[in-house]
Amino acid sequence: MTVTRTAEKWVDQAADLTRPSRVVWCDGSKAEYDGLIEDMLRDGTLLPLNSRTYPNCYLHRSHPSDVARTEQLTFICTRERDAAGPTNNWMAPAEAKDKAGAWFRGSMRDRTMYVIPYLMGPAGSSMSRVGLMVTDSAYVVASMHLMTRVGQVAIQHMRSEDDFVGGLHSLGDLSPDRRLILHFPEEKLIWSIGSGYGGNALLGKKCHALRIGSSQAREEGWLAEHMLILGVEDPGGEVTYLAAAMPSASGKTNLSMVISHLPGWRVWTVGDDIAWMHVDATGQLRAINPERGFFGVAPNTSPKTNPNATTMVRSNTIFTNVALTPTHEPWWEGLTPEAPPGLTDWLGEPWKPGTPAAHPNSRFTVSVEQCPSVAPNWEDPAGVPISGLIFGSRRTRTIPLVFEAFDWDHGVFLGSAMSTETTAAITGKVGVVRQDPMAMLPFCGYNMADYFAHWLATGRKIAKPPRLFRVNWFRRDDAGRFLWPGYSENVRILKWMVERIRGTGQAVESPIGYLPAAGALDVSGLDMPRGALDEALRVDAGEWREALDGLEGFYGQFGDRLPRTIVAQLAETRRRFAS
Ligand code: OXD
Ligand code: MN
């Protein structure tokens with residue numbers, strides 16, 4: 001493989017520090033992938049699954065204390081603390097390198113150091129960016145094969161000698177006490193030690209494509225977002241593309257590959273987790289999916305909730321921390337209504353009813369091409385034109401099913417004000433409400449006040465800004481029942497959005513934005529309890545006033561750095577409720 005001098009030097013320095021017994025440069029070939037799988041089957045890192053019903057599928061059991069992203073151990077290491085902002089953990093670069101450097105020193109002794117040149121984004125796209133990662137985990141290499149484009153293709157896309165994000169990863173001793181996920185945006189550098197979990201260890205994903213990516217995007221004038229990308233085809237065959245930000249484990253994968261029951265309507269998948277968006281020379285916002293695979297949450301994925309996903313994981317998939325049936329098939333809660341008898345749980349023990357069989361954050365890793373609904377143009381180097389942006393969160397109360405922002409600035413305010421209930425994708429308590437602006441709280445690599453400003457400024461560059469929508473599939477009634485059936489029925493919401501974009505969808509004005517007018521949402525054939533839709537769309541002034549008051553504290557921590565537009569939008573919303 002031909003690489004630049006700077007890249008070679010960086011890898012040499014990584015080897016000097018970690019002292020591997022051998023260094024292997026990865027070429028991304030199928031032979032390489034197959035070899036890695038064989039090695040991992042031999043040493044027990046992977047278990048084979050039923051080769052008849054799940055060909056080329058494997059199960060990996062991670063260390064039981066290494067099953068989710070560890071936000072408390074994730075840091076942005078900028079020279080100035082303010083550059084990271086109040087919502088990120090911050091550590092001075094020198095201190096971070098001293099601390100983690102001690103753990104990296106000799107950490108690959110008697111291990112192989114794999115060097116992975118990878119490309120984020122389609123080949124031939126000016127929006128794609130290069131990473132160069134080293135790791136001592138074969139599981140990480142195989143996963144990077146599925147999730148990114150590995151090998152010479154990456155090197156070819158370097159725009160200069162040092163145009164790559166460096167990623168140093170070692171499993172270390174997997175102890176949470178010696179685990180750190182460190183980002184140095186000023187050096188385009190990532191250091192991750194002590195975890196083999198996807199979000200901490202597949203450095204192309206959260207670390208590069210979002211944390212370093214968002215910082216690079218700000219410098220270069222584009223957006224790196226925690227967003228799925230999909231195309232909605234109408235009965236006339238016209239496809240409208242939307243991108244949607246939703247917090248981890250809150251339905252992005254399901255929505256991105258939803259199967260429509262509305263005659264003539266169809267959804268095409270471009271990506272399920274990350275969107276890189278640029279304004280092109282004509283002023284059109286365009287998005288690429290920087291990834292090449294899905295690292296999806298298994299629990300609750302079923303033929304009912306996501307038939308495309310259940311089909312795509314039937315071959316060529318690596319499962320992590322799911323349960324195992326006696327016939328060596330993967331199983332997780334929700335896959336079938338009843339747990340099959342004789343399950344082995346995610347820890348490898350006989351399953352005891354009442355305990356999780358699969359870990360709540362168990363995952364599948366599979367390439368995008370396996371998805372039956374993959375858009376034919378998903379790898380278009382020019383990206384897809386985005387006409388609508390969606391901000392969705394998980395809220396039991398307050399936030400209506402769907403509404404539309406008055407304009408770009410109002411939409412940015414709604415995104416910045418987003419809060420959500422936490423899920424098993426992060427270590428910590430589940431179900432706690434926290435602010436999660438644009439679903440980027442854990443992923444924004446710089447001061448979030450500057451991030452809001454960057455969003456506002458981007459809107460000024462777009463000739464015809466996309467419509468911005470807010471959704472909440474998770475609102476419940478007083479008895480705790482979901483008000484909206486969700487899943488495939490969400491196509492009805494997408495349909496209204498497309499109609500709004502085309503100028504035909506009917507809406508009524510409210511203090512928080514435009515709500516679907518009576519009869520504007522297509523609920524034909526939907527058997528919903530009487531009044532549930534009205535309740536799902538209801539704006540409760542009392543709850544909203546309380547939520548707006550609660551925003552003061554969140555916004556307050558940014559001080560003068562918070563854009564005045566956001567302050568003005570908050571005041572304006574309050575005024576609308578007062579009148
Ligand atoms: C993910 C996450 O894995 O957001 O996509 O945690
Ligand atoms: Mn995600």
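The model is predicted: local features need pLDDT of at least 70, side-chain atom pairs count only at pLDDT 80 or more, and totals for chains, interfaces and linings use all residues. Residues are numbered from 1 along each chain as its sequence is written, and side-chain values use heavy atoms, with hydrogens and water left out. The protein has 16 helices and 28 strands (DSSP runs numbered from the N terminus, with at least four residues of H or I for helices and at least two of E for strands).

**Overall form**

- For 579 residues, a compact globule would have a radius of gyration near 25 Å, and the 23 Å of the protein agrees with this (taken over C-alpha atoms; the globule rule is 2.2 Å times the number of residues to the power 0.38).
- Along the principal axes, the C-alpha atoms fill a box of roughly 70 × 55 × 45 Å.
- Of the 579 residues, 61% are buried (under 20% relative accessible area, with exposed over 50% and partly exposed in between, for a 1.4 Å probe and protein chains only).
- Among contacts between residues at least 6 apart in sequence, 73% join residues at least 24 apart (contact means heavy atoms within 4.5 Å).

**Helices H2 and H5**

- Helix H2 (residues 30–43) packs against helix H5 (residues 138–147) at an angle of about 145°, and their axes are 10 Å apart (axes are lines fitted to C-alpha atoms, for helices over the stretch in contact, and angles run from 0 to 180 degrees between N-to-C directions).
- H2 contributes Glu 32, Tyr 33, Leu 36 and Met 40 to the contact, while H5 contributes Ala 138, Tyr 139, Val 141, Ala 142, His 145 and Leu 146.

**Ser 170**

- Ser 170 lies in strand E8 (residues 165–170) and is buried, its relative accessible area being 0%.
- Its side chain makes a polar contact with the side chain of Ser 107 at 3.1 Å (a pair of N or O atoms within 3.5 Å; within protein, one must be able to donate a hydrogen and the other to accept it, and residues adjacent in sequence count only if both atoms are side-chain atoms).
- Leaving aside neighbours within four places in sequence, the contacts of Ser 170 include Phe 104, Met 108, Arg 111, Asp 136 and Ser 192.

**Non-glycine residues with positive phi**

- Arg 19 has a phi near 60°; it sits in the loop between helix H1 (5–18) and strand E1 (22–25) and is partly exposed at 46% relative accessibility.
- Asn 300 has a phi near 75°; it is found in the loop between strand E17 (293–297) and helix H10 (307–312) and is partly exposed, with a relative accessible area of 39%.

Methods:
Chains are lettered from A and ligands numbered from 1 in the order in which they are written.
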